[in-house]
Amino acid sequence: MLYSLFACPFSKVEESFGIQATHDLFYEGIPSFFDSNTTLNYDHLQYPGVVPRSFLGPLLWSRICQFLRLLIFPAYDLAEHPRLIQTLARLSQLIVTLHAWFRFADATAVSAYLLIVTACQFHLPFYASRMLPNSTATILTLHCYAFWMQRRVSYAAVCLVLAAAVLRCDLILLLFTVGLSWLITRQLTVTKALRIGILTLIAAAILTVPFDSLMWQKWVWPEMRVFYYNTVLNKSSDWGVSAWHWYWTAALPKALLLTGFLVPWSVVRLPEQLVAIEMVVLENQRPPMRPPWIDPTYLPFLLPALGFVALYSLLGHKEMRFLFPVLPLFNLCAAAGLQRLERLARPSEKDKSSTTTRVGKFLFGLGILACIVSFVASSLFVAVSRWNYPGGQAMRLLEQELESVRPTDKELRVHIDVSAAMTGVSLFEQRAVQNVWPSATFYKDGYELENQQAKNEEELRFTHLVGEFKERDGFHSIAVAPGNPRLDWRNRQIATEPTIYILERDQWR
């Protein structure tokens with residue numbers, strides 16, 4: 001998780017709301033009740049997006065940063081170092097996520113293997129510090145699973161309802177499949193489930209509606225709006241449609257990597273059967289009594305996860321991040337499968353009926369190898385991902401260029417195009433540039449229209465352009481940020497290509 005945090009310090013468009021909201025809450029503070037929009041300098045009011053999101057996550061991370069700032073002020077003012085604030089905010093989310101993982105692992109009988117399997121993967125560690133609503137919702141689902149493993153189902157239900165009502169409304173599907181498991185196994189009654197659901201929804205409304213309405217400057221329950229937009233109006237399909245099997249054939253294999261092959265052994269006793277066959281055929285021994293083929297211990301956790309993926313597959317728009325809250329259940333089963341293989345390779349001294357065989361050792365070796373290969377692949381993915389943020393890198397190149405220019409009172413108007421804004425440009429990066437050039441002004445609107453007006457309106461003239469265009473009349477290139485990375489196996493390196501260019505107006509210096 002820490003490797004991913006420091007190797008990839010920028011954020012992409014999916015994380016833009018969380019990172020910009022954290023910036024505004026730290027530097028601009030919380031507004032008074034329903035101020036005029038013209039007096040508020042908030043990114044989400046200028047660029048509201050398609051649907052509103054909750055500010056509760058960014059509020060927590062920004063308040064942690066403010067607390068850290070107060071601890072060391074005035075010896076050192078964190079506010080003067082926006083990139084450090086950005087890192088500390090993401091680190092705060094990482095630590096809270098890590099705490100949730102250890103709570104979940106500690107509640108299981110396979111804690112070490114659960115953490116090992118998770119650490120060998122790419123997506124869950126990588127996105128633990130990235131401010132997606134899905135990542136924040138995963139924190140609550142991990143606490144839900146911890147309570148579930150501890151048989152404190154009422155608390156687990158509260159966590160899941162709260163996550164669905166405040167952070168990600170699509171967790172209603174997980175609430176359905178997990179809740180059905182609780183009802184079937186009689187860990188929860190219908191009456192108690194309704195009481196918990198209603199009371200938690202009321203608490204969630206009290207928690208999210210007033211504060212988010214204050215931030216959005218209108219009455220809103222963000223996740224209810226998202227639910228209406230994506231489910232009732234079915235607008236999510238406007239962002240792309242994937243085949244019904246995409247989660248099964250692409251998303252899950254990428255998320256689990258080779259550790260996915262360990263999942264079936266949590267419920268299927270095929271390894272034990274293979275060991276028994278070896279003892280009879282190769283060693284001419286009488287094996288202990290064969291157990292049943294199916295071990296139901298982890299079925300109550302695996303079936304709801306499979307049901308969630310199946311229900312989500314009915315929706316046309318699909319993304320990997322939608323599976324984040326359910327991946328811990330798959331990892332739990334993978335850890336149980338790995339533990340089963342270990343018992344065949346290294347049986348406990350307390351279990352006098354067990355024995356070790358070459359097949360058992362071989363299968364356990366394959367399980368360990370699956371983890372090692374997954375870890376190596378995940379490390380490569382992080383190394384490649386470092387170059388997926390050319391917009392953020394371009395801002396740092398611009399800052400370096402400006403440090404060599406004097407005086408700083410010259411006009412500086414920077415236009416950032418869509419491709420740069422989507423690949424790493426954040427308000428933290430803009431503020432870092434303003435630390436070098438205090439009068440810098442940034443624009444993210446239509447470049448062509450603004451530049452046309454600039455012919456007659458001197459104050460609207462752009463001095464710098466940051467975007468994917470290689471050249472423009474009246475400008476020359478001063479730097480370029482690489483992007484579009486790929487693994488070049490032949491040369492054993494990560495190959496990139498020029499992606500985001502920094503153009504400067506002719507004769508500006």
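In the predicted model, Val414 stands opposite Phe442, a residue of strand 2. This pair belongs to the parallel pairing of strand 1, residues 413–416, with strand 2, in which 3 bridges are formed. Helix 18, which spans residues 390–403, packs on the sheet. The helix touches strand 1, strand 2, strand 3, strand 4 and strand 5, and its direction makes about 145 degrees with that of strand 4.

The sheet itself is open and consists of 5 strands in the order 2-1-3-5-4, with mixed pairing. Strand 2 (441–443) and strand 4 stand at the edges; each has a single partner strand, and therefore one side of each is left without a neighbour in the sheet. From one strand to the next, the twist averages 20 degrees. As a general principle, the side chains of a regular strand alternate between the two faces of the sheet.

Strand 5, residues 493–505, takes part in two antiparallel pairings, described here in turn. With strand 3, residues 464–467, strand 5 runs antiparallel and is joined by 4 bridges. Within this pairing, His464 has Glu504 of strand 5 as its bridge partner. With strand 4, residues 475–488, strand 5 is likewise antiparallel, and here 11 bridges join the two strands. Leu487 is bridged to Ile494, which lies in strand 5. Strand 4 and strand 5 form a hairpin with 4 residues between the strands. In this hairpin, Arg492 adopts a positive phi near 55 degrees.

The cysteine residues were examined next. The structure holds 0 disulfides. Cys65 is in no disulfide, and the nearest cysteine sulfur, which belongs to Cys8, is 19 Å away. The relative accessible area of Cys65 is 1%. Cys65 is therefore classed as buried, because a residue counts as buried when its relative accessible area is under 20%. Cys144 is also in no disulfide; in this case the nearest cysteine sulfur is that of Cys159, at 6.2 Å. That separation does not qualify as a disulfide, because the two sulfur atoms would have to lie within 2.5 Å. Cys144 has a relative accessible area of 0% and is thus buried.

Methods: Residues numbered from 1 in each chain as written. Predicted model: local features only at pLDDT ≥ 70, side-chain atom pairs only at ≥ 80, totals over all residues. Heavy atoms only, no water. Pairing = 2+ DSSP bridges. Buried < 20%, exposed > 50% of the residue type's maximum accessible area, 1.4 Å probe, protein only. Axes fitted to C-alpha atoms, helices over the stretch in contact; angles between N-to-C directions. Contact = heavy atoms within 4.5 Å.
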